[in-house]
Amino acid sequence: MALSSATFMFWSIFGSQFVPAAIQQGSAMSLALQLSCSVLVIACPCALGLATPTAVLVGTSLGATRGLLLRGGDVLEKFAEVDAIVFDKTGTLTIGKPVVTKVIASHSEGGVNTKDSWNNEWTEGDILSLAAGVESNTNHPLGKAIMEAAQAANCINMKAKDGSFMEEPGSGAVATIGEKQVSVGTVDWIRRHGVVRDPFPEAESFGQSVAYVAVDGTLAGLICFEDKIREDSHQVISALSKQGISVYMLSGDKESAAMDVASVVGIQLDKVISEVKPHEKKKFISELQKEHKLVAMVGDGINDAAALALADVGIAMGGGVGAATDVSSVVLMGNRLSQLVDALELSKETMRTVKQNLWWAFLYNIVGLPVAAGALLPVTGTMLTPSIAGALMGFSSVSVMANSLLLRARMSSRHHVQSREKPHNTISGVSDGADEVEQSYPSKWRST
């Protein structure tokens, strides 16, 4: 409006001096009014206003068709600038469906049964029955694995006493079954419930996750689990690393189990943090942000909810619990880790389109405004009438819309090319075929 006013003042005062031939067909005031109106029409910010929302609208709709729930256009902008991604292990890098591989009963020491001694009064079936009785009150994946194993082994169905169940995320659970207090969880958890000595020091070298089962402060035995790595984990980590993104892994699991998974999926071992509690995940995200990193967190469980909420971009697996999906800004509805790469690619392409639209809108104004103001009139006699300016303004808006819609075509063609180039085996030694043996790796008790 200021430029339009200046144009009107200039041509109404000096127009007859610069363009006498043009003024002969009308008054200077008429020319000044015509040029000032052209400036207003050219400067109309339609293209500038359409540059961002049209690209974001196309981007979010593309995400929806690919099973990506994106909560707001600002998510695309933030995700495109992410330089650090933190992965939870169980349920994220692994499929999150652990299975019981074996049950180990504790051994006797000199035939003496004391609170501090191991005993052999519990059979494998007893251990499974007691653990399943505690876990009947939880929805934790490892708890479900224990219950499924107990059902498969036709173990006695035991129920916890009403009101006696207590659970601590990241540690374990305890309940009263009959007249006995049964605790199931980490070694630290059972120590807090009466087990004094280290019951199974060799458990660290098992290469599997374990849950300790204690009855009335005496170790009954332990349950070993295995969890399978997602077939696309290695491919996703490799793709992120090639883009210069720092990849970290947090796990409540023991160091050996966490390192096994990290080595297979391709995460640097110095960026693996094991035996972390839920609140420590949030603290780690905060520390990365203090280093001026834009952080994305990928998780699936309630233990990840605080970290997902704190991260600049929280990404939840579609198969995760409601608490994780509720606080996340991106939800991978297909529950496939490869969708993370799709979301990252989509966000970068969307922001690239936004920048192209903005540059076009700015260049259009930079070139169009001087012409509309009559800069070429004294030299070539060229001027823009308001009708021509209106047509150019509409053309600019249509160009921005067309470029935004081309985002769909660009992403579709790229997705088609990637689909054709996708290898059959995503992890060395693991085939996509249903009959091939899949590689298994440990999960973590109370770690999601």
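Visitor: Which strands and helix do the buried residues of H7 pack against?

Guide: Welcome! Keep in mind that this is a predicted model. The buried residues of H7 pack against helix H8 (141-152) and against strands S3 (99-105), S5 (172-177), S6 (180-185), S7 (209-215) and S8 (218-228).

Visitor: What makes H7 largely enclosed by the rest of the structure?

Guide: A residue counts as buried when its relative accessible area is under 20%. In H7, 9 of the 12 residues are buried, so the helix is largely enclosed. Among them are Ile127, Leu128, Val134 and Glu135. For the chain, 48% of the 448 residues count as buried.

Visitor: How do you know that the span of H7 agrees with its number of residues?

Guide: H7 covers residues 124-135, and at 1.5 Å a residue its 12 residues should span 16 Å. The C-alpha atoms at its ends are 16 Å apart, so the two values agree.

Visitor: Why is H5 called roughly perpendicular to H15?

Guide: Helix H5 (residues 73-80) and helix H15 (residues 338-372) pack at an angle of about 100°, and their axes are 8 Å apart. Angles of 65 to 115 degrees count as roughly perpendicular, which makes H5 roughly perpendicular to H15.

Visitor: Which residues in H5 meet H15?

Guide: Leu76, Glu77, Phe79 and Ala80 in H5 do, and their partners in H15 include Leu340, Leu344, Lys348 and Met351. By class, this contact of H5 with H15 has 7 nonpolar, 2 polar and 2 charged residues.

Note on methods
Residues numbered from 1 in each chain as written. Predicted model: local features only at pLDDT ≥ 70, side-chain atom pairs only at ≥ 80, totals over all residues. Heavy atoms only, no water. Helix = DSSP H or I, 4+ residues; strand = E, 2+ residues; numbered from the N terminus. Expected span 1.5 Å × (residues − 1). Buried < 20%, exposed > 50% of the residue type's maximum accessible area, 1.4 Å probe, protein only. Contact = heavy atoms within 4.5 Å. Axes fitted to C-alpha atoms, helices over the stretch in contact; angles between N-to-C directions. Parallel < 35°, antiparallel > 145°, perpendicular 65-115°, else oblique. Nonpolar A, V, L, I, M, F, W, Y, C, P; charged D, E, K, R; others polar.
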